[in-house]
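Me: I have a structure open and want to learn how to read its features. Please take me through them one at a time.

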Amino acid sequence: MSFAIPAPLEAEIDELITHYPVKRSASLMLLHALQEHFGWISQEAVEWTAAKLGLQPINVYELVTFYPMFRQQPVGKYQIKVCRTLSCALGGSYALHQHFCEQLGLDAHAHGPQTTKDGKFTVEFVECLASCGTAPVIMVNDAFYEGVSKTKADEIVGGCR
Ligand code: FES
């Protein structure tokens, strides 16, 4: 599959670059724009961004690998992020993660994000979502859910189907 940037997106990116005194400073915003369009940052996207900004691919790749909000593989339409940091772990987030995986036919013990074969759901652990007092906490795309029980998890998945 060839990598192509639609003209309107490239125009948006060109405009975005003008907001910065040096092109390199626009790196993160370019990556956000590309991820919003493609859903993830491919190797081709890294190389395109580097060429656009007059950088080496490693200069862009190090950003993509450092910041966890950048995805290095395609994800499902609904991305379920389960907090696994201390409060949520004590509040049952590991059992909740396993429940999501079982309901969706995914391997709860595999490393990294797991995506259903139909591309609809991705389940992954994330670190603290900054609502430790209402554990366990999850996000589904940009929606935030606190005190999530298995019953609530089923409702959330059902609402996405
Ligand atoms: S530990 Fe889960 S939100 Fe902070």
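Me: Where is the place of His-97?

Reply: Helices (H or I, at least four residues) and strands (E, at least two) are DSSP runs, numbered from the N terminus. His-97 sits in helix H6, residues 93-104. This is a predicted model: local features need pLDDT of at least 70, side-chain atom pairs count only at pLDDT 80 or more, and totals for chains, interfaces and linings use all residues. Residues are numbered from 1 along each chain as its sequence is written, and side-chain values use heavy atoms, with hydrogens and water left out.

Me: Is His-97 buried or exposed?

Reply: Buried means under 20% relative accessible area, exposed over 50%, partly exposed in between (1.4 Å probe, protein chains only). His-97 has a relative accessible area of 5%, so it counts as buried.

Me: Which residues does His-97 touch, not counting those up to four places away in sequence?

Reply: Contact means heavy atoms within 4.5 Å. With that exclusion, His-97 touches Val-82, Ala-108, Val-123, Glu-124 and Phe-125.

Me: How many helices and strands does the protein have, and in what order do the elements run?

Reply: There are seven helices and five strands. From the N terminus the order is α-α-α-α-β-α-α-β-β-β-β-α.

Me: What share of the residues is buried, and what share of the contacts is between residues 24 or more positions apart?

Reply: Of the 161 residues, 40% count as buried. Among contacts with a separation of 6 or more, 59% join residues 24 or more positions apart.

Me: Where does Ser-2 lie, and what is the C-alpha separation of Ser-2 and Glu-44?

Reply: Ser-2 belongs to the segment before helix H1 (7-17). Its relative accessibility is 67%, so Ser-2 counts as exposed. The C-alpha atoms of Ser-2 and Glu-44 are 8.7 Å apart, although 42 residues separate the two along the chain.

Me: What is phi of Ala-130, and what is phi of Asn-141?

Reply: Ala-130 is not a glycine, yet its phi is positive, near 70 degrees. Ala-130 is in the loop between E3 and E4, and is exposed because its relative accessible area is 67%. Asn-141, also not a glycine, has a positive phi of about 50 degrees. Asn-141 lies in the loop between E4 and strand E5 (143-145). At 28% relative accessibility, Asn-141 is therefore partly exposed.
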